[in-house]
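Colleague: Could you walk me through reading this one, from the overall fold down to the details?

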Amino acid sequence: MSDIFEILLTAGFWAATIRIVSPLIFGTLGELICERAGVLNLGIEGIMTVGAMSGWMWVYQGGGLWGGVLFAACLGALFGLLHAGFTVHLGLSQHVTGIGITLFASALSYFVSRMLLPSATTPPKIEPFQELPIPVLSDLPIIGEALFSQSPLTYLAILAVPVTWYVLYRTPLGLAVRMAGENPVAVEAQGINVLAVRTGAVAVGSALMAIGGAFITMSWFDAFYFGMINGRGWICVALVIFASWRPGKALVGALLFAGLEALQVRAQQSAGAFIPYQFFLALPYVMSILAMVVMARKAKYPHALLVPFRRGERV
Amino acid sequence: MPALEFRGVTKRFGSLTANDAVSLVIEPGEVLALLGENGAGKTTLMNILFGHYQADQGEILVDGKPLAPGSTQAAINAGVGMVHQHFTLAANLTVLENIMLGTEGLWSWRQNTKAARDKIAAMARDYGLQVDPDALVGDISVGERQRVEILKALYRDARILILDEPTAVLTPQEADSLFATLKSLTEKGLAVIFISHKLHEILAVSDRVAVLRRGAMVGSVVTKDADKAQLAEMMVGRTVTRPKPEPMQAGKAILEISRLTTSGDSAAALADVSLTVHAHEIIGIAGVSGNGQQALADVLCGLASGFSGTVQLHGAPLPAGRPRAIVNAGVGRIPEDRHARGVVGDMEIWENLISEDLRSDAVSRWGIVDRGRATARAEKQIAEFDVRCEGPDAETKLLSGGNMQKLILARALSREPSFILANQPVRGLDEGAIAYVQERLLEARARGAGILLISEDLDELMALSDRIAVLSHGRLSEALPSEARSIAEIGLMMAGQDGGEKAA
C-alpha cells in the first residue's frame, strides 16, 4: 500500500497521467459530440489512427507542427463526413458503418505510411511539440511540473472541455445538436435541417478524434508505429457512457482512467516481483468496467441515439 | 382577408389519394374544426402545410400570399404554428430549451435566455399557460407538455394555430382547460384549426366545422346550426349507429377463473379474482387503467405464468405462459396496444395476418411459408374485414388505427375463437371503426363465443355487456347484469368505494 502512496507523490506519475489523458480527452469529446447529435461513431479507433499517421507524416515531410495538427483534423473531418454520409444521409447501421470506417481508416494509414517510406526499417522520429511551461505556476512543487509544464496540445485538450460544454449548453447551435440527438422530429418541425446538424456534429467530432490521434505521434512517441492507438478509441466510447454524455464528467472519467494507467506502469515496477504484470495491465480496464456499471445505470441516453432520421416518413 | 386558404390541394401516395383537391378557408378569430375519420387525410393536409410533404397540385395562401411548398421554415415564418398529436419535444431537455430551439440564429455565440424567460412569462400570463421553464419535459404531465407545445408556437408569434387531435392524451379536466385557452387565443385574433374526430368536443369548441372524407372536402357547416347526427353522417358518409346487442341466453361456461392472484406491484396485481364467462355472453370489466387490467390480460393471453389460483378453459386448465397453446385452445386476443403488441409495423400485412398460425397447413408446408396460399388468404381476410390498404404486401405501419384494428380482428376472429379477450378494442378509433369493431364482437357472441371486454369507457360497457364487473386495486367485484347498476354507482366502485357491496 505504501508503495502506491509513494507513487502518487511523484511528479513523474502526474506528468504521465496528464500525457495519457490528453488524447483521451480529444477522443471522448469528439465521440460525445457525435453521440449528442444521435450518431454513434465507432470509426473513432480508425480516425485516431489517421490523425496519428497524418500529423506525423506532415511534419516528417517538412511541414510545421501546427500545420500537422490542422492536416490531421481535416482528414479526421473527412472520414467523419464519410461516416455521416452512410449513417445520416443513407440511414445505414451506425455500428456496422463505424466498424467499417475503423478497419478502412486504420488499414489505409498503415498502407500510406509504408508507401511513402518504403525503405525505412523503423519509423523515423520527428521533432515533437516542446513542453511549454507556464510562468510561475510551473515552479510549484510536484503539480507544477505535472500540470503546467506540458505540451501545448494538452492545454488545448483541457481548454476544449469548457468550450465544448459552452457550445453544447449555451449556444443555439448546441441546443440544435442536443435536440437532434433527442428528438429529430422536433428539430425538423422548427425548420432546422436535421441531416445538416448531424453531419456537422459528426465532422467536428471526428476532427477532434483525429487531433487526439495526432497527439500520440506528435507529442508522445514522436513516430508512427503499427497498432499504436491500441484500443484508446474504444476507451473513449466507454468514457462517453461513463460521463453520461456530459463534457465535465468526461474529463473526470478520462483522468481516472489515465491515472490508473499511469499507476499500473509504476506498480508493475515496484510489485512485479510477486504479482504477475498482466494483472496490472488489466487493472485500468477492470476498474473502468466497474465504474461503468456504477455510473451507467443512471445515465441519460440521448433518446434518438442510433435512430436514423428520414424526412417525410410516416412513423 | 382569410388567415389561411387551401386551394385545390392534392396529394397522392402511390395509388392512394390522401388529399383530393381540398379547398378550405380559415378567418382570423375563429376556431375551425377539421373533422374526419382516421385516414381521411387531415394529418396529411397539415403535413403539406408544414412542408413535410409537397402537394402534387394546388397551393396554400397565408394572409393572401402563397406559401413556398416543402419548407417548414416558410410556414413558421408566415405565422403558422402546429401542435402535433405526438408531441415534438425532447424529454431530456428543459421546457425553456424546447421552446427556444430554432428561434435564434444557429451561429449566434450566446442564447438570450433572459429575454426568452420574460416573453414566456408574459404569454403564460396572457393566455393562462402556466409552466415551469426550468423543468425537464420528461418530468411534467401530459397536459403541461401540450402547454409547452402551444407556447412553442406562440413564442414564434404564430397567428394561425393548428392542433392535431389535441385531446387524445388529456384527462377531461385538462381538455376543459385547453378549450378555455383556445377561447382566449381567438379573442386576441388568432385563427385556430382544431383537428378531431370527437363530435362532442367539436360542438363544444368550434365556430365552424369542415368535414373531410376519404381525402376529399365534403363540406363545411356553422357549428351552432349543426348536430351530432348530421356531423357523423357527413364524416362517415352514411348514418352510423352503434350496434345494440340482442338479448341472448347465456350458454355453458367457457372460461372459469377462480381465486386468481398475481404477484408484483400492489395496485396493478390481481388479488383473489374469480369470474366465469359463458357462451353467448359479453362480460365488461370496468376500471381505471392500472388497477390490474394488464395483469388479467397477460394471464389470459399467455404472457404471464406466475400466478396462484386456477384458470380453466372448457374445463381444462389454461396453458399458462404458452401463447401458441392458448391460441390453439380457442382464445382470440385483441391487445390493448395495437402498435406495441398487436402488429409488427415494419412487416407486411400478410405477414402479420399469419403470425398466429405459422405452423398451420393453411399457410405453410414442412415449415416453409407458402407465399401463394398466405397471400391468397390475406386477400380474403382483407376483403372480409374491410381493411383499407394497398394490398397484402403493404407495410402494416402505414395503416390507420382503425384499419390496423380490423387487421387484428381479422387475425383473431378468422379462427372462430370460443373465448375472446378484447382489451380496449375501440380506443382511439373513429365512429365508423368503433361501430365496426363492436358489430364484429356481437357477431362472435351470437356465434357462441364468450367475450371479456376490458374498457375505460363506461358508455361502451353499458351498451355492449351482458354483465359488468369492476376492477379496482386488483380486486374484481361480482359481475352483475348491466342494468343492475347505474353509471354513477360503477364510477364510485372504480374509485375504490364499493357502494356498500363487498368485493367478491
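Modeller: Gladly, and bear in mind that this is a predicted model. Chain B has a radius of gyration of 25 Å, which agrees with the value near 23 Å that a compact globule of 504 residues would have. Along its principal axes, the C-alpha trace of chain B spans about 70 × 55 × 50 Å.

Colleague: How many helices and strands does chain B have?

Modeller: Chain B holds 17 helices and 23 strands. Buried residues account for 44% of its 504 residues. Among contacts in chain B between residues at least 6 apart in sequence, 68% link residues at least 24 apart.

Colleague: How do I read a sheet, and what is the strand order in the open sheet of four strands in chain B?

Modeller: In general, the strands of a sheet pair through backbone hydrogen bonds, either parallel or antiparallel. Here the order is β2-β1-β4-β5 in chain B, and the pairing is antiparallel. The edges are β2 (16-26) and β5 (65-66) of chain B; each has a single partner strand, so one side of each lacks a neighbour in the sheet. Two bridges join β4 (residues 57-62) of chain B to β5(B), and Leu61(B) sits opposite Pro66(B) in β5(B).

Colleague: Now a helix: how many residues of α11 in chain A are buried?

Modeller: The general idea is that an α-helix has 3.6 residues a turn, so residues three or four places apart point the same way. Helix α11 (residues 232-242) of chain A is mostly covered, with eight of its 11 residues buried. Among them are Ile235(A), Cys236(A), Leu239(A) and Val240(A). After α11(A) comes Ser244(A), with a positive phi near 50 degrees.

Terms used: Residues numbered from 1 in each chain as written. Chains lettered and ligands numbered in written order. Predicted model: local features only at pLDDT ≥ 70, side-chain atom pairs only at ≥ 80, totals over all residues. Rg over C-alpha atoms; globule rule 2.2 N^0.38 Å. Buried ≥ 20, exposed ≤ 12 C-beta atoms within 10 Å, placed from the backbone. Contact = placed C-beta atoms within 7 Å. Pairing = 2+ DSSP bridges.
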